[in-house]
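Subject: Handover of a structure and notes on its chain contacts

Dear colleague,

Please find below the structure for your records.

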4 protein chains.
Amino acid sequence: MSNIAILCSGGDVSGMNPAIKHFVEYSLKKDLTPFFVYNGYEGLIDNDIQEVSYRDVSGIINRGGTKIGSARSKRFMNPEYRQIAKDNLDALNINMLVVLGGDGSFRGLDAFYKEHSIKSCGIPSTIDNDIHGTDYCLGVDSALNIIRTSIDAIRDTASSFNRAFIIETMGRDCGYLALISALTSGAELCLIPEREHNISDYEDNFKTQMAHGRKYFIAIVSEGIKQDPQEIAKWFEETIGIESRVSILGHIQRGGNPTSYDRLMAYKFVNYAIDGLLGSHTNSVICYTKDGFIYKSIDEVTGSAFKLDPDLLRLLEDV
Amino acid sequence: MSNIAILCSGGDVSGMNPAIKHFVEYSLKKDLTPFFVYNGYEGLIDNDIQEVSYRDVSGIINRGGTKIGSARSKRFMNPEYRQIAKDNLDALNINMLVVLGGDGSFRGLDAFYKEHSIKSCGIPSTIDNDIHGTDYCLGVDSALNIIRTSIDAIRDTASSFNRAFIIETMGRDCGYLALISALTSGAELCLIPEREHNISDYEDNFKTQMAHGRKYFIAIVSEGIKQDPQEIAKWFEETIGIESRVSILGHIQRGGNPTSYDRLMAYKFVNYAIDGLLGSHTNSVICYTKDGFIYKSIDEVTGSAFKLDPDLLRLLEDV
Amino acid sequence: MSNIAILCSGGDVSGMNPAIKHFVEYSLKKDLTPFFVYNGYEGLIDNDIQEVSYRDVSGIINRGGTKIGSARSKRFMNPEYRQIAKDNLDALNINMLVVLGGDGSFRGLDAFYKEHSIKSCGIPSTIDNDIHGTDYCLGVDSALNIIRTSIDAIRDTASSFNRAFIIETMGRDCGYLALISALTSGAELCLIPEREHNISDYEDNFKTQMAHGRKYFIAIVSEGIKQDPQEIAKWFEETIGIESRVSILGHIQRGGNPTSYDRLMAYKFVNYAIDGLLGSHTNSVICYTKDGFIYKSIDEVTGSAFKLDPDLLRLLEDV
Amino acid sequence: MSNIAILCSGGDVSGMNPAIKHFVEYSLKKDLTPFFVYNGYEGLIDNDIQEVSYRDVSGIINRGGTKIGSARSKRFMNPEYRQIAKDNLDALNINMLVVLGGDGSFRGLDAFYKEHSIKSCGIPSTIDNDIHGTDYCLGVDSALNIIRTSIDAIRDTASSFNRAFIIETMGRDCGYLALISALTSGAELCLIPEREHNISDYEDNFKTQMAHGRKYFIAIVSEGIKQDPQEIAKWFEETIGIESRVSILGHIQRGGNPTSYDRLMAYKFVNYAIDGLLGSHTNSVICYTKDGFIYKSIDEVTGSAFKLDPDLLRLLEDV
C-alpha cells in the first residue's frame, strides 16, 4: 500500500474542494493512503501533513475555496527547503504528490521531482484559464457564473437608469474571463489585453446606437488592459454623453459554490492524475484538450506562454 | 373612474418592479385607470406617460431595477417645469400620483402637491434604509442578501488563504447595510459613519486572535466612513501582519431578483398608498413602523435627518 | 461561571446554524460556558453533550440545516428518560437550556422544567410559521425565498408552453407559506387549509382570462388542503382546457443558505433567549410580535392553536 | 437580402432565449432578415410569424424558457399542414429555418425539407442530453446546476436528521442527468435506466457504512428506472433501517437563468447553424462532438437510438 498526498498552491479557485474530496475517495478505492498537505508547499516544508479518511472530506463538495488552504511559497524555490520537504515526505512514506495550481507551482514541482524523484502530477487550477497546453483550468466555469450573476444584476440597474457600466473582471495577462463574459451577457464592449484598443474607434458606432434609442451600455474589461476603467467611464460621459459607473468585481469571482461543470472536471482531473501516478507518468500535468485528457510534461506546459485560442479571439468582433 | 400614475425617482432598488406590477393590479381592482410615468419627474415634464394594463406588467415581478426607468430631475425643482408637469397630468385627467423614491423625491412631490393639489403618496425606496420616519425602505432586504452572498463567496477565499478582506458596502450617511451585513455574516470588524473609529483600538484584540490561531478577518465598512478602505488594508498588513485585500461591492448591491420580503413589502406599500389616496391622505409618505403602516406627512418625513436605531447601534459592539 | 446548552428538536430549518453560532459567541461574551446537545432530546438522554468554543461554529453561518442534528424523541415524553436527561445535565453542571423547535418540543421542555427546574427558553423554529403567539418562526424567510426561486423557474417553462402549474408548498395545517408565496410570485390561484374552496368557483373567471389571451396559470397550494393537486391539474385540463403539470416542492424548502433576515432573527432570538435565562425567565418561549420580542410562558404558546392573521387571510382575495 | 426564421419545438430548455437573442444579432450581422415563429410548428401552420429586430431580444439573455414559445405539433406530421406552413413561409420569402428541439422535431423538419426544400438546421435542445450524434444538447448544464442546488439544499436537511433521500431527476430513457448529478453531488447511490439494478445488491455495503457511522444517504434516480422511488424509500426504511424521504425535482429542472456554459453553447450553435445555412448545409443538425462542431444529416441523427458514452457509464461504479 502506497501513500499519496495532495496540496493546493497559488490562488484558490472554486472546484478545489470537490477535487480534494474525490482525491480521498479515489485514493482509497485504489488502495492508496491519502494525505493532506496544508497551505501549499509551505506545509510540505513545515511538515503540516496529515493522513485523512472519508470523514475529512464530508460536506465540502459544495464549498468554494479550499479546505486545506493554499499559499505561495518563496522558500520552496530554494533547494535547501525542498530537501526538508523531501525528508518530511520520506518520514511518512509518501512518494506521490498531486498539486492543484498554476504555472509557478508546476515549475517548483518539476524541480522537486528532478531532485528527489517524488512522482508528481499537476492539475491546472486558475480562474484566468491561462495555462499553456490545456483548454480548461479548474475554477473557470464557477468564476464565469459568478461574473454572469453580477453582470445580470448590474444590467438591471443600468437599464433602469440610462447608464454605461464598465465592469472589470479578473485576468491579468489573459482576457478569457472578460471575453466569454461579454459574449454570454450581451455586453456592448469588451476590452482585453490580447487586443490593443483605441477607445475612440467605438465613438461613431456608439453614438449611432444612442441616436437609435439605446439607453445603456455594458462594457466588460479585463484587469490586464492598459487603460484605467475610470478613464473609459469618463469617455462614455464626455464623448458618448451617458452617465457612467465603474464596477470592479474583485475577489467575489474566486468564491462561491462550485458549479456542476467544475465538480465534474475536478472529478475527472483527479481520476487522471491518480491513474497517471499509478502508471508511468512521473512528472506531468494532466491537460484537457480537444483530444481529451492528455498527460503533458511539466516542461512543455510551463515552457511556453499561454495564448488565447484565435477562434475565440475572433469572436471579440461579435461583441 | 379616476386616473392614477406611478413613477420611480432617484436610485433604483430591487423591489420597484413588484411594486409597479401590484400598482397596476390593485388600481384596476379599485376601478382606477393606471398610468406609467417613465424616467421619474423627467417623464412628467416630457409627457412620457402611458396608460397601462395587466399585460404591461407581465413577467416583471422577478426582475431587479425598474421597468419604467428612474432618474434624478433638476428641472422638477423649478416651478415652471412643475407647471408643465401639471398640465401634462391634467390633459390625461390624472389626479393621483404614487412615487417610489427617497427624501429628495418626496420634497419635490410635496412642492408639487402644494402648488397643484395633485394627490400624492410616497413609498420609501432606497437600499440605504435611511429615510426618517420609516423602519424599512423598499429594496433593503434584496441588497442585504446580495451583500451576504458576496461576503460568503469572499469568506471562502479568505479562509483558504490566510487573508484579511475589507469589504465596502453602500451607505453614504447611514451604516445600516454594513452593520446588518456584519452581524449576519460573522464579520470580525464593522465600521460605519455613525460611530467614529480609531483603527488602532482593535490592535490588541486582533493580535491576540492571531496568536490564538485566527487565520482570516472579514471587515465590513460603509462607504460613508472617513478612512479609505485601502488604508485599513494597509493597517492589517503592517500592524496585524496578515495579507489583505479590498473589495468594493458597488452596484451589484442594487440589482438582482427581488427577495420574498421585498416583494411582500412592495405589495403592502402599494396597497396602503392607493388606499390612502382614495381616502383622506393628500400628500403623505406611507411608513413602516413598530405600529404597522402609518401615513406621515411629507414634511414630517423629510424634515428630520435619519438616525440609526440606538438598539441596532448597540449591536455594533457585538461584532 | 455557569453552563448553558443548546439543542434542536423537530424539523430542521435554515437559520438554525446561525443561531447555534451566535449562541456560542454570545454565551462566551456573557461568561457562560456553551455546550451542544446533539440530535435533540435524544442526545440529552444518551449523554451526547459536548463543551464547545468558537472553533466549533466556524464556517457554519451560511449552511442550511443544523450542525448539531435534530430529532424527534418519543422517549423524552417519558418521565423516566427525562430523569436520565436531568442526571446527564447535572453531571456537567448545566442548568440552562435553549431549544430550537416547535410546539411539541416546547411541551417536552415545559415538563422538564416543571419536574427538574432546568431553566429553559424556546426559540420558535419551523418553516410552517404556525406557532401560536409569535408572528415569526425561524426559517420562514429562507423557505419563502427557496419557494420563490422555484416558482420563478417554473414560470419560465409555464409561459413558454401554455400550461397550468399546480405547485404544492409545505404547510400541513397552515397556509402561510402558500399564501405569501402566491402573493409574491404573482400566482393566479392559491388554496390553503384555512379557507375551504370549491374549485368550480374559479371556472368562469379563468375561462374569461383564457378568452382574453392568458397563456399560463400558476396555482400555489398548501400540502394541507383537502383536494389532491393531481385533481386540480385534471380540472385545469378538462374544465379550463389547458395542459397541466403538478410540482411538489418537497424538502428543498427546508434547505439552502440562510437568508439575511433569518440570520438576523437568529441573532436576536438568541440574544433574548440568553438574556432571559440570565434574568427571571425560567420556562418561556421568546416570541416576535408587533410589540417586539416578548417572553411568553410555554403554557401560553402551546395552549392555543395557531391561527393565521385575518389581515393576511384577507389578502387571499387579492390573488 | 434573405429571410431566415427560428422556432422552438418540444420541451423548453434554459438556453433557448440566449440562442434566440444571438440568432437575431448574428442574422442581422450577416445581412439576413430575422423572423420569429411562435409556438413551434403550430405557429408555422397558423402563420404566427413575425419579422424582428434587436429590440425584440432585449433583456432575454438571462431568462429561462423561450420568449417565442414552444409546442408539440401533431398537425405538422401531416403533409397537408406542411403545405400550409410552406405557403406561409413563401408569402414572407423565408427560405431558411433554424429549429431548437429534439429528435421528433428534427424528423418533422427533414420531411419538410424533402418536400419543400426549405433549408433547415436543427440545434439539439433537451435537458435529457439524449440525442444521438451530439455530445451536448442545449440546456443540460443549466439543468445540472439547478439539480445540484436542490441536492445541496436537501443534503443540509438529510445530514441534520439522519435520513435517506431518494431524489428523482428527469430523464425518461437516459440517465445522464442522474449520473452526472450523482457524481457531482457526492451521492451514495445512483440508479439509471441504462443499467438494471437489484436494490438488494447494496444492502451489505450500506449496512456496513451505517455501522461505521454514516448518518445519511443521498440516492439519485432517473425517472426512467423501473422501480418506484417510494419503493426504494421503503427499502431504506425497512432493510437499512434509516428514515427516508422521496423528492421528485420535476419541472424546476427546466427553468432558471441560463448558465454561462449554456449561453456560450447557444452562441456557438447559432453561429454554426446560420453559417451552415448560408453555406452548403441544406438539412442538417449541428452537433457538438470530440472533433468540434460538425454538421450531420438529420437522417443520421434521428436514425439511431442514443446511447450513453460507455466511459461515463463506467463512472457509475464510482458513485
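Chain D can be superposed on chain A with an RMSD of 0.0 Å, by a turn of 180° and a shift of 0.0 Å along the axis. Please bear in mind throughout that this is a predicted model. The residue of chain D that comes closest to the rotation axis is D:Lys290, whose C-alpha lies at 3.2 Å. Both copies use the same surface, in that 100% of the contact residues of chain D recur in chain A.

**Interface of chain D and chain A**

The contact draws on 33 residues of chain D and 33 residues of chain A. About 2800 Å² is buried between these two chains, and 47% of that area is on carbon and sulfur atoms. Within the area that chain D buries against chain A, 20% is supplied by D:Thr184, D:Ser260 and D:Tyr267, more than by any other three residues.

As to specific interactions, two salt bridges are found across the interface of chain D and chain A. One of the salt bridges joins the side chains of A:Arg263 and D:Asp152, with an N to O distance of 2.9 Å. Polar contacts across the interface of chain D and chain A come to 16 residue pairs, both residues being at pLDDT 80 or more. On the side of chain D that touches chain A, at least two residues each are supplied by α1 (16–29), α5 (140–161), α6 (176–185) and α9 (260–278) of chain D.

**Interface of chain B and chain A**

Chain B, too, can be laid on chain A, with an RMSD of 0.0 Å, by a turn of 180° and a shift of 0.0 Å along the axis. The two copies are therefore related as by a two-fold rotation axis. The same surface serves both, since 100% of the contact residues of chain B recur in chain A.

Here 28 residues of chain B are in contact with 28 residues of chain A. The buried area between chain B and chain A is about 2200 Å², with 51% of it given by carbon and sulfur atoms. B:Ser160, B:Phe161 and B:His251 account for 28% of the area that chain B buries against chain A, more than any other three residues.

How many salt bridges cross the interface of chain B and chain A? The search finds zero.

**Cysteines**

A search of the whole structure returns zero disulfides over all chains. For A:Cys287, the closest cysteine sulfur is that of A:Cys137, and the two sulfurs are 8.4 Å apart, which is too far for a bond, given that a disulfide requires sulfur atoms within 2.5 Å. A:Cys287 counts as buried because its relative accessibility is 0%.

B:Cys121 is likewise in no disulfide, and the nearest cysteine sulfur, that of B:Cys287, is 8.8 Å away. Is B:Cys121 buried or exposed? With a relative accessible area of 1%, B:Cys121 is buried.

Yours sincerely

How values were computed
Residues are numbered from 1 along each chain as its sequence is written. Chains are lettered from A and ligands numbered from 1 in the order in which they are written. This is a predicted model: local features need pLDDT of at least 70, side-chain atom pairs count only at pLDDT 80 or more; totals for chains, interfaces and linings use all residues. Side-chain values use heavy atoms; hydrogens and water are left out. Buried means under 20% relative accessible area, exposed over 50%, partly exposed in between (1.4 Å probe, protein chains only). Copies are superposed by least squares on the C-alpha atoms of residues with pLDDT of at least 70 in both. Contact means heavy atoms within 4.5 Å. Buried area is the accessible area (1.4 Å probe) that two parts lose on being put together, summed over both. A salt bridge is a side-chain nitrogen of Lys or Arg within 4 Å of a carboxyl oxygen of Asp or Glu. A polar contact is a pair of N or O atoms within 3.5 Å; within protein, one must be able to donate a hydrogen and the other to accept it, and residues adjacent in sequence count only if both atoms are side-chain atoms. Helices (H or I, at least four residues) and strands (E, at least two) are DSSP runs, numbered from the N terminus.
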